[in-house]
Amino acid sequence: LTLVIWDLHGDDVYQRVKASYLRGMAGYFLVLDCTRPQTVEVALDLVEKFAANLKDVPGLVLLNKADIKEQWIVDDPILTRLENTGLETLETSAKTGERVEEAFERISQKMLGA
């Protein structure tokens, strides 16, 4: 079994995410910087753009920067769009490592159908 992890910085003028990048994917994280609403918008747009490619692939949304949650500026309409994707969310912090291991355990369980 080979595990490959790609870190795509998003979809913008300088780097486009192509459907071919998703081929053969077994699971994915969407990591959202909740202090920057535009990153949330980009992530949600990617989910919508590639919905057909992602429908049978388990995903997990990581709401990053939980260590500075008081600085989050994600508004209710964005959170509603996020909830409507049906993806499970988990608050994490890349800085402190808070719930990062749990995120990998959870996506592994989803990929194995547990």
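Residues are numbered from 1 along each chain as its sequence is written, and side-chain values use heavy atoms, with hydrogens and water left out. Because the model is predicted, local features need pLDDT of at least 70 and side-chain atom pairs count only at pLDDT 80 or more, whereas totals for chains, interfaces and linings use all residues.

The protein contains four helices and three strands, which follow one another from the N terminus in the order β-α-α-β-α-β-α; helices (H or I, at least four residues) and strands (E, at least two) are DSSP runs, numbered from the N terminus. Of the 114 residues, 32% are buried, where buried means under 20% relative accessible area, exposed over 50%, and partly exposed in between (1.4 Å probe, protein chains only). Among the contacts (heavy atoms within 4.5 Å) with a separation of 6 or more, 76% come from residues 24 or more positions apart.

The elements named in this report with their residue ranges are listed here.

| Element | Residues |
|---|---|
| β1 | 28–33 |
| α1 | 37–49 |
| α2 | 51–54 |
| β2 | 59–64 |
| α3 | 76–84 |

Helix α1 has 13 residues and spans 18 Å from its first C-alpha to its last, close to the expected 18 Å, the expectation being 1.5 Å times one less than the number of residues. Its buried residues are Thr39, Val40, Ala43, Leu44, Leu46 and Val47. They lie on the same side of α1, because they cover an arc of only 155° around the axis, the arc being that of the directions from the helix axis to the C-beta atoms. The cover over these buried residues includes β1, α2 and α3.

The second largest pocket has a volume of about 160 Å³. Its lining consists of Tyr28, Val47, Glu48, Ala51, Leu54, Lys55, Val57, Arg81, Asn84, Thr85 and Leu87, and α1, α2 and α3 each supply at least two of the lining residues. On a 1 Å grid over the protein atoms alone, a pocket is an open set of points where a 1.4 Å probe fits, with protein on both sides within 12 Å along at least five of seven lines, and lining residues have an atom within 4 Å of a point.

Aspartate 67 is placed in the loop between β2 and α3 and is partly exposed, with a relative accessible area of 27%. Leaving aside neighbours within four places in sequence, aspartate 67 contacts Ser93, Lys95, Thr96 and Glu98. Its side chain and that of serine 93 are joined by a polar contact of 2.8 Å (a pair of N or O atoms within 3.5 Å; within protein, one must be able to donate a hydrogen and the other to accept it, and residues adjacent in sequence count only if both atoms are side-chain atoms). Lysine 95 is 28 residues from aspartate 67 in sequence and 7.6 Å from it in space, C-alpha to C-alpha.

Methods:
Grid points are joined across faces, edges and corners, and a volume is the space filled by probe spheres set on the points.
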